[in-house]
Amino acid sequence: MAEQTRSLTVKSAAECDFDVVSLGEVMLRLDPGERRIKTARSFDAWEGGGEYNVARGLRRCFGLRGTIVTALADNEVGRLVEDFILTGGLDTSYIQWIDYDGIGRNVRNGLNFTERGFGVRGAVGVSDRGNTAVSQMQPGDVDWDDLFGRRGVRWLHTGGIFAALSESSADVAEAAMRSAREHGTIVSYDLNFRPSLWKGIGGSARAQEVNKRLAQYVDVMIGNEEDFTASLGFEVEGVDENLTDLDTGAFRAMIETAAATYDNFQVIATTMRGVHSASDNDWGAIAWSRREGFAESTHRPHLEILDRVGGGDSFASGLAYGLMEIGDIQSAVEYGAAHGAIAMTTAGDTSTASLAEVAKLAGGGSARVQR
Ligand SMILES: O=C(O)C(=O)C[C@H](O)[C@H](O)CO
(Lines give C-alpha, C1' and ligand atoms only; values in the text may rest on other atoms or scores of the structure.)
Protein backbone atom coordinates (compact mmCIF):
# COMPACT_ATOMS: atom_id res chain seq x y z
CA MET A 1 0.00 0.00 0.00
CA ALA A 2 1.39 3.46 -0.91
CA GLU A 3 2.81 5.24 2.15
CA GLN A 4 0.57 8.30 1.89
CA THR A 5 -2.58 6.17 1.89
CA ARG A 6 -1.67 4.20 5.01
CA SER A 7 -3.24 5.20 8.30
CA LEU A 8 0.13 5.26 10.03
CA THR A 9 3.75 5.60 9.00
CA VAL A 10 5.45 2.63 10.65
CA LYS A 11 9.21 1.98 10.58
CA SER A 12 10.35 -0.83 8.31
CA ALA A 13 11.00 -4.27 9.77
CA ALA A 14 14.52 -4.24 8.29
CA GLU A 15 15.64 -1.33 10.47
CA CYS A 16 14.24 -2.79 13.72
CA ASP A 17 15.13 -5.73 15.97
CA PHE A 18 11.54 -5.95 17.20
CA ASP A 19 8.18 -5.40 15.55
CA VAL A 20 6.49 -4.98 18.92
CA VAL A 21 7.44 -4.30 22.51
CA SER A 22 4.86 -4.52 25.28
CA LEU A 23 5.38 -2.95 28.67
CA GLY A 24 3.30 -4.40 31.50
CA GLU A 25 2.71 -7.03 34.13
CA VAL A 26 2.48 -10.74 33.35
CA MET A 27 0.53 -12.62 36.00
CA LEU A 28 -0.07 -16.27 36.56
CA ARG A 29 -3.72 -16.82 35.64
CA LEU A 30 -5.40 -19.51 37.74
CA ASP A 31 -8.62 -20.72 36.13
CA PRO A 32 -11.16 -23.05 37.76
CA GLY A 33 -12.54 -24.12 34.36
CA GLU A 34 -16.29 -24.73 34.58
CA ARG A 35 -16.23 -24.34 38.34
CA ARG A 36 -16.13 -21.19 40.42
CA ILE A 37 -13.12 -19.76 42.21
CA LYS A 38 -14.73 -20.17 45.61
CA THR A 39 -15.56 -23.85 45.11
CA ALA A 40 -12.59 -24.86 42.96
CA ARG A 41 -10.50 -27.92 43.79
CA SER A 42 -8.04 -27.47 40.95
CA PHE A 43 -6.98 -24.70 38.63
CA ASP A 44 -5.57 -24.60 35.15
CA ALA A 45 -2.50 -22.37 34.97
CA TRP A 46 -2.03 -19.88 32.17
CA GLU A 47 -0.41 -16.50 31.87
CA GLY A 48 -2.06 -13.18 31.22
CA GLY A 49 -1.73 -9.45 31.38
CA GLY A 50 -3.50 -6.79 29.34
CA GLU A 51 -0.38 -5.35 27.72
CA TYR A 52 1.52 -8.64 27.40
CA ASN A 53 -1.41 -10.36 25.67
CA VAL A 54 -1.09 -7.92 22.76
CA ALA A 55 2.57 -8.67 22.03
CA ARG A 56 1.90 -12.37 22.46
CA GLY A 57 -0.97 -12.22 19.95
CA LEU A 58 1.20 -10.34 17.47
CA ARG A 59 3.85 -13.04 17.84
CA ARG A 60 1.81 -16.23 18.05
CA CYS A 61 -1.06 -15.46 15.73
CA PHE A 62 0.45 -12.88 13.41
CA GLY A 63 4.07 -14.04 13.29
CA LEU A 64 5.75 -10.75 14.26
CA ARG A 65 8.84 -10.44 16.47
CA GLY A 66 8.11 -9.27 19.99
CA THR A 67 9.49 -8.76 23.45
CA ILE A 68 7.99 -7.94 26.84
CA VAL A 69 9.45 -5.39 29.23
CA THR A 70 8.44 -6.54 32.69
CA ALA A 71 9.85 -7.70 36.02
CA LEU A 72 9.39 -10.93 37.95
CA ALA A 73 10.48 -12.12 41.36
CA ASP A 74 13.04 -14.85 40.84
CA ASN A 75 11.27 -17.87 42.31
CA GLU A 76 9.50 -20.92 40.91
CA VAL A 77 6.29 -18.98 40.20
CA GLY A 78 8.24 -16.39 38.24
CA ARG A 79 9.98 -19.16 36.31
CA LEU A 80 6.57 -20.71 35.50
CA VAL A 81 5.43 -17.37 34.10
CA GLU A 82 8.66 -17.24 32.08
CA ASP A 83 7.86 -20.72 30.74
CA PHE A 84 4.52 -19.43 29.45
CA ILE A 85 6.18 -16.37 27.92
CA LEU A 86 8.64 -18.64 26.11
CA THR A 87 5.73 -20.73 24.83
CA GLY A 88 4.15 -17.51 23.62
CA GLY A 89 7.26 -16.93 21.54
CA LEU A 90 8.35 -13.60 22.97
CA ASP A 91 11.95 -12.62 23.59
CA THR A 92 12.65 -12.71 27.34
CA SER A 93 15.77 -10.58 27.53
CA TYR A 94 13.88 -7.54 28.88
CA ILE A 95 12.49 -9.41 31.90
CA GLN A 96 14.12 -8.02 35.01
CA TRP A 97 14.68 -10.77 37.56
CA ILE A 98 14.42 -9.47 41.12
CA ASP A 99 15.92 -11.44 44.02
CA TYR A 100 13.19 -13.15 46.02
CA ASP A 101 13.24 -12.58 49.77
CA GLY A 102 11.83 -16.02 50.60
CA ILE A 103 8.27 -15.05 51.59
CA GLY A 104 7.23 -12.14 49.41
CA ARG A 105 7.66 -9.48 52.08
CA ASN A 106 9.35 -7.14 49.63
CA VAL A 107 8.57 -8.53 46.22
CA ARG A 108 6.14 -11.00 44.69
CA ASN A 109 4.68 -12.25 41.45
CA GLY A 110 1.09 -11.42 40.52
CA LEU A 111 -1.63 -14.06 40.65
CA ASN A 112 -4.89 -13.62 38.78
CA PHE A 113 -7.76 -15.95 39.64
CA THR A 114 -10.25 -15.73 36.79
CA GLU A 115 -13.55 -17.52 36.26
CA ARG A 116 -15.14 -17.28 32.86
CA GLY A 117 -18.79 -16.85 33.75
CA PHE A 118 -21.70 -18.55 32.04
CA GLY A 119 -25.17 -17.31 31.13
CA VAL A 120 -26.47 -14.99 33.81
CA ARG A 121 -23.27 -15.40 35.86
CA GLY A 122 -20.66 -12.88 34.72
CA ALA A 123 -16.91 -13.49 34.56
CA VAL A 124 -15.01 -12.76 37.79
CA GLY A 125 -11.41 -11.71 38.22
CA VAL A 126 -9.69 -11.68 41.61
CA SER A 127 -6.14 -10.52 41.44
CA ASP A 128 -3.53 -10.87 44.14
CA ARG A 129 -0.83 -8.54 42.94
CA GLY A 130 0.22 -6.02 45.60
CA ASN A 131 3.95 -5.33 45.82
CA THR A 132 4.81 -7.21 42.66
CA ALA A 133 8.20 -6.89 41.03
CA VAL A 134 6.84 -5.01 38.04
CA SER A 135 4.98 -2.50 40.22
CA GLN A 136 8.36 -1.51 41.69
CA MET A 137 10.07 -0.83 38.37
CA GLN A 138 11.66 2.61 38.04
CA PRO A 139 11.95 4.69 34.85
CA GLY A 140 15.75 4.31 34.74
CA ASP A 141 15.69 0.51 34.98
CA VAL A 142 15.66 0.11 31.20
CA ASP A 143 17.88 1.87 28.68
CA TRP A 144 14.96 3.06 26.56
CA ASP A 145 17.11 4.94 24.07
CA ASP A 146 19.13 1.81 23.42
CA LEU A 147 15.96 -0.24 22.91
CA PHE A 148 14.09 2.22 20.69
CA GLY A 149 17.12 3.95 19.18
CA ARG A 150 19.98 1.51 18.66
CA ARG A 151 17.96 -1.72 18.41
CA GLY A 152 14.87 -0.24 16.80
CA VAL A 153 11.22 -1.08 17.48
CA ARG A 154 8.27 -0.57 15.18
CA TRP A 155 5.51 -0.54 17.78
CA LEU A 156 5.27 -0.04 21.58
CA HIS A 157 2.15 -1.16 23.39
CA THR A 158 1.31 -0.32 26.99
CA GLY A 159 -1.75 0.82 28.84
CA GLY A 160 -3.87 1.73 31.78
CA ILE A 161 -3.40 -1.50 33.72
CA PHE A 162 0.34 -1.07 33.97
CA ALA A 163 -0.01 2.66 34.67
CA ALA A 164 -2.28 1.88 37.65
CA LEU A 165 0.09 -0.48 39.42
CA SER A 166 2.02 2.21 41.31
CA GLU A 167 3.26 5.81 41.18
CA SER A 168 6.45 4.61 39.57
CA SER A 169 4.79 2.41 36.94
CA ALA A 170 3.09 5.48 35.45
CA ASP A 171 6.51 7.14 35.36
CA VAL A 172 8.01 4.06 33.71
CA ALA A 173 5.27 4.14 31.07
CA GLU A 174 5.94 7.82 30.47
CA ALA A 175 9.70 7.27 30.04
CA ALA A 176 9.13 4.41 27.60
CA MET A 177 6.49 6.24 25.57
CA ARG A 178 8.53 9.44 25.40
CA SER A 179 11.61 7.59 24.15
CA ALA A 180 9.58 5.52 21.68
CA ARG A 181 8.10 8.67 20.15
CA GLU A 182 11.50 10.31 19.91
CA HIS A 183 12.74 7.34 17.90
CA GLY A 184 9.74 7.13 15.57
CA THR A 185 8.14 4.05 17.17
CA ILE A 186 4.35 3.97 17.05
CA VAL A 187 2.88 4.05 20.57
CA SER A 188 -0.42 2.32 21.30
CA TYR A 189 -2.18 2.46 24.63
CA ASP A 190 -5.18 0.47 25.80
CA LEU A 191 -7.00 2.38 28.53
CA ASN A 192 -8.26 -0.90 30.09
CA PHE A 193 -9.93 0.70 33.11
CA ARG A 194 -9.94 -1.78 36.00
CA PRO A 195 -11.89 -0.37 38.98
CA SER A 196 -10.11 -2.71 41.43
CA LEU A 197 -6.73 -1.19 40.56
CA TRP A 198 -7.80 2.39 41.20
CA LYS A 199 -10.12 1.75 44.15
CA GLY A 200 -7.61 2.35 46.93
CA ILE A 201 -5.69 5.20 45.24
CA GLY A 202 -8.32 7.75 44.23
CA GLY A 203 -10.69 5.94 41.87
CA SER A 204 -11.69 7.37 38.54
CA ALA A 205 -10.40 10.87 39.35
CA ARG A 206 -6.88 9.53 39.82
CA ALA A 207 -7.24 7.28 36.78
CA GLN A 208 -8.07 10.32 34.69
CA GLU A 209 -5.15 12.30 36.05
CA VAL A 210 -2.70 9.53 35.13
CA ASN A 211 -4.23 8.57 31.80
CA LYS A 212 -4.57 12.17 30.63
CA ARG A 213 -0.89 12.71 31.36
CA LEU A 214 0.11 9.64 29.36
CA ALA A 215 -2.38 10.26 26.54
CA GLN A 216 -0.19 13.04 25.13
CA TYR A 217 2.39 10.41 24.02
CA VAL A 218 -0.11 8.11 22.28
CA ASP A 219 -0.51 7.55 18.54
CA VAL A 220 -3.11 4.77 18.71
CA MET A 221 -5.61 5.04 21.57
CA ILE A 222 -7.71 1.95 22.29
CA GLY A 223 -10.49 1.26 24.75
CA ASN A 224 -14.11 0.35 25.18
CA GLU A 225 -16.93 2.76 25.96
CA GLU A 226 -16.41 2.44 29.69
CA ASP A 227 -12.66 3.03 29.40
CA PHE A 228 -12.93 6.30 27.48
CA THR A 229 -15.35 7.65 30.07
CA ALA A 230 -13.69 6.42 33.26
CA SER A 231 -10.07 6.94 32.18
CA LEU A 232 -10.24 10.06 30.01
CA GLY A 233 -13.59 11.65 30.89
CA PHE A 234 -15.16 11.36 27.40
CA GLU A 235 -18.85 10.44 27.65
CA VAL A 236 -20.53 8.16 25.14
CA GLU A 237 -24.05 9.59 25.22
CA GLY A 238 -26.89 7.15 25.89
CA VAL A 239 -24.68 4.10 26.35
CA ASP A 240 -24.34 2.02 29.48
CA GLU A 241 -22.31 -1.09 30.22
CA ASN A 242 -25.14 -3.37 29.15
CA LEU A 243 -25.61 -1.85 25.74
CA THR A 244 -27.18 -4.36 23.42
CA ASP A 245 -27.82 -2.09 20.48
CA LEU A 246 -24.62 -1.40 18.60
CA ASP A 247 -25.61 2.08 17.54
CA THR A 248 -22.32 3.63 16.51
CA GLY A 249 -23.45 7.28 16.30
CA ALA A 250 -22.67 7.94 19.95
CA PHE A 251 -19.23 6.36 19.58
CA ARG A 252 -18.42 8.47 16.55
CA ALA A 253 -19.26 11.63 18.45
CA MET A 254 -17.07 10.58 21.40
CA ILE A 255 -14.17 9.72 19.07
CA GLU A 256 -14.44 13.09 17.31
CA THR A 257 -14.21 14.85 20.66
CA ALA A 258 -11.20 12.76 21.69
CA ALA A 259 -9.45 13.43 18.36
CA ALA A 260 -9.99 17.16 18.73
CA THR A 261 -8.70 17.13 22.32
CA TYR A 262 -5.51 15.17 21.58
CA ASP A 263 -4.03 16.13 18.24
CA ASN A 264 -1.33 13.46 18.72
CA PHE A 265 -3.94 10.67 18.32
CA GLN A 266 -3.53 9.23 14.82
CA VAL A 267 -5.91 6.33 15.37
CA ILE A 268 -8.67 5.79 17.91
CA ALA A 269 -10.37 2.43 18.21
CA THR A 270 -13.07 1.14 20.46
CA THR A 271 -14.66 -2.24 20.86
CA MET A 272 -18.41 -2.38 21.34
CA ARG A 273 -19.79 -5.16 23.43
CA GLY A 274 -23.47 -5.65 24.15
CA VAL A 275 -23.91 -8.11 26.98
CA HIS A 276 -27.03 -10.30 26.68
CA SER A 277 -25.41 -12.82 29.00
CA ALA A 278 -21.85 -13.91 29.84
CA SER A 279 -22.05 -16.36 26.96
CA ASP A 280 -23.93 -14.20 24.46
CA ASN A 281 -22.54 -10.80 23.47
CA ASP A 282 -23.05 -8.49 20.54
CA TRP A 283 -19.52 -7.72 19.35
CA GLY A 284 -18.17 -5.11 16.98
CA ALA A 285 -15.67 -2.29 16.76
CA ILE A 286 -15.26 1.16 15.35
CA ALA A 287 -12.02 2.88 14.48
CA TRP A 288 -10.99 6.23 13.16
CA SER A 289 -7.79 7.46 11.63
CA ARG A 290 -6.76 11.05 11.05
CA ARG A 291 -5.79 10.18 7.46
CA GLU A 292 -8.75 7.97 6.53
CA GLY A 293 -11.67 8.80 8.84
CA PHE A 294 -14.08 6.21 10.28
CA ALA A 295 -14.31 2.47 9.67
CA GLU A 296 -16.55 -0.10 11.31
CA SER A 297 -15.99 -3.81 11.60
CA THR A 298 -18.60 -6.40 10.76
CA HIS A 299 -21.01 -6.43 13.68
CA ARG A 300 -21.54 -9.85 15.19
CA PRO A 301 -24.79 -9.89 17.10
CA HIS A 302 -25.20 -12.72 19.63
CA LEU A 303 -21.63 -13.93 19.34
CA GLU A 304 -21.20 -17.05 21.48
CA ILE A 305 -18.50 -16.56 24.09
CA LEU A 306 -16.55 -19.21 25.98
CA ASP A 307 -14.12 -16.88 27.76
CA ARG A 308 -14.31 -13.15 27.25
CA VAL A 309 -11.15 -12.27 29.16
CA GLY A 310 -8.48 -11.15 26.72
CA GLY A 311 -10.96 -10.43 23.89
CA GLY A 312 -10.09 -6.73 23.95
CA ASP A 313 -6.37 -7.51 23.88
CA SER A 314 -6.83 -9.73 20.84
CA PHE A 315 -8.76 -6.89 19.23
CA ALA A 316 -5.77 -4.63 19.90
CA SER A 317 -3.25 -7.06 18.41
CA GLY A 318 -5.37 -7.61 15.30
CA LEU A 319 -5.75 -3.86 14.89
CA ALA A 320 -1.99 -3.33 15.28
CA TYR A 321 -1.26 -6.08 12.76
CA GLY A 322 -3.65 -4.49 10.28
CA LEU A 323 -2.08 -1.07 10.70
CA MET A 324 1.47 -2.38 10.48
CA GLU A 325 1.18 -4.98 7.75
CA ILE A 326 -1.87 -4.08 5.66
CA GLY A 327 -2.14 -0.35 6.21
CA ASP A 328 -5.77 0.75 5.96
CA ILE A 329 -8.08 1.38 8.86
CA GLN A 330 -10.91 -0.78 7.47
CA SER A 331 -8.73 -3.89 7.33
CA ALA A 332 -7.26 -3.08 10.72
CA VAL A 333 -10.62 -2.85 12.48
CA GLU A 334 -11.85 -6.03 10.75
CA TYR A 335 -8.74 -7.98 11.77
CA GLY A 336 -9.04 -6.67 15.31
CA ALA A 337 -12.70 -7.61 15.69
CA ALA A 338 -12.20 -11.01 14.03
CA HIS A 339 -9.19 -11.85 16.21
CA GLY A 340 -11.08 -10.78 19.34
CA ALA A 341 -14.07 -12.90 18.33
CA ILE A 342 -11.97 -16.04 17.77
CA ALA A 343 -9.98 -15.49 20.97
CA MET A 344 -13.21 -15.52 22.98
CA THR A 345 -14.09 -19.01 21.69
CA THR A 346 -11.27 -20.59 23.69
CA ALA A 347 -10.30 -20.62 27.36
CA GLY A 348 -7.44 -18.47 28.60
CA ASP A 349 -6.44 -14.86 28.05
CA THR A 350 -4.38 -15.54 24.98
CA SER A 351 -5.53 -16.45 21.50
CA THR A 352 -5.01 -19.76 19.73
CA ALA A 353 -6.01 -18.27 16.38
CA SER A 354 -3.89 -18.48 13.25
CA LEU A 355 -3.46 -15.65 10.78
CA ALA A 356 -5.35 -17.70 8.18
CA GLU A 357 -8.33 -18.08 10.54
CA VAL A 358 -8.39 -14.38 11.31
CA ALA A 359 -8.06 -13.43 7.63
CA LYS A 360 -10.90 -15.81 6.73
CA LEU A 361 -13.28 -14.48 9.37
CA ALA A 362 -12.31 -10.88 8.66
CA GLY A 363 -13.12 -11.55 5.01
CA GLY A 364 -16.59 -12.89 5.84
CA GLY A 365 -15.82 -16.61 6.27
CA SER A 366 -18.27 -18.88 8.08
CA ALA A 367 -17.85 -21.50 10.83
CA ARG A 368 -18.59 -24.47 8.54
CA VAL A 369 -16.52 -27.54 9.24
CA GLN A 370 -13.23 -27.87 7.36
CA ARG A 371 -11.87 -31.36 6.58
O1 LIG B 1 -6.77 -7.06 34.87
C2 LIG B 1 -5.58 -7.16 34.68
O3 LIG B 1 -4.81 -6.49 35.25
C4 LIG B 1 -5.02 -8.10 33.72
O5 LIG B 1 -4.04 -7.79 33.10
C6 LIG B 1 -5.67 -9.41 33.59
C7 LIG B 1 -6.08 -9.76 32.21
O8 LIG B 1 -4.99 -10.32 31.54
C9 LIG B 1 -6.61 -8.61 31.44
O10 LIG B 1 -7.61 -8.02 32.19
C11 LIG B 1 -7.15 -9.03 30.12
O12 LIG B 1 -7.42 -7.88 29.37
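A: The ligand is surrounded by 13 residues, and the closest are Gly50, Arg129, Arg194, Asp313 and Asp349. Near here means a heavy atom of the residue within 4 Å of the molecule. This is a predicted model: local features need pLDDT of at least 70, side-chain atom pairs count only at pLDDT 80 or more, and totals for chains, interfaces and linings use all residues. Numbering runs from 1 along each chain as its sequence is written, and side-chain values use heavy atoms, without hydrogens or water.

The shell divides into 3 nonpolar, 6 polar and 4 charged residues. Nonpolar covers Ala, Val, Leu, Ile, Met, Phe, Trp, Tyr, Cys and Pro; charged covers Asp, Glu, Lys and Arg; the others, Gly among them, are polar.

Now the contacts with ligand oxygen atoms. Arg194 has a polar side-chain atom 2.8 Å from a ligand oxygen atom. For Asp313, a side-chain N or O atom lies 2.8 Å from an oxygen atom of the ligand. Taken alone, the ligand exposes 320 Å², and the protein buries 89% of that (Shrake-Rupley method, 1.4 Å probe).

The whole structure has 0 disulfides (cysteine sulfur pairs within 2.5 Å). Cys16 is buried at 4% relative accessible area, and Cys61 is buried at 5% (buried is under 20%, with a 1.4 Å probe and protein chains only).

Terms used. A polar contact is a pair of N or O atoms within 3.5 Å; within protein, one must be able to donate a hydrogen and the other to accept it, and residues adjacent in sequence count only if both atoms are side-chain atoms. Buried means under 20% relative accessible area, exposed over 50%, partly exposed in between (1.4 Å probe, protein chains only).
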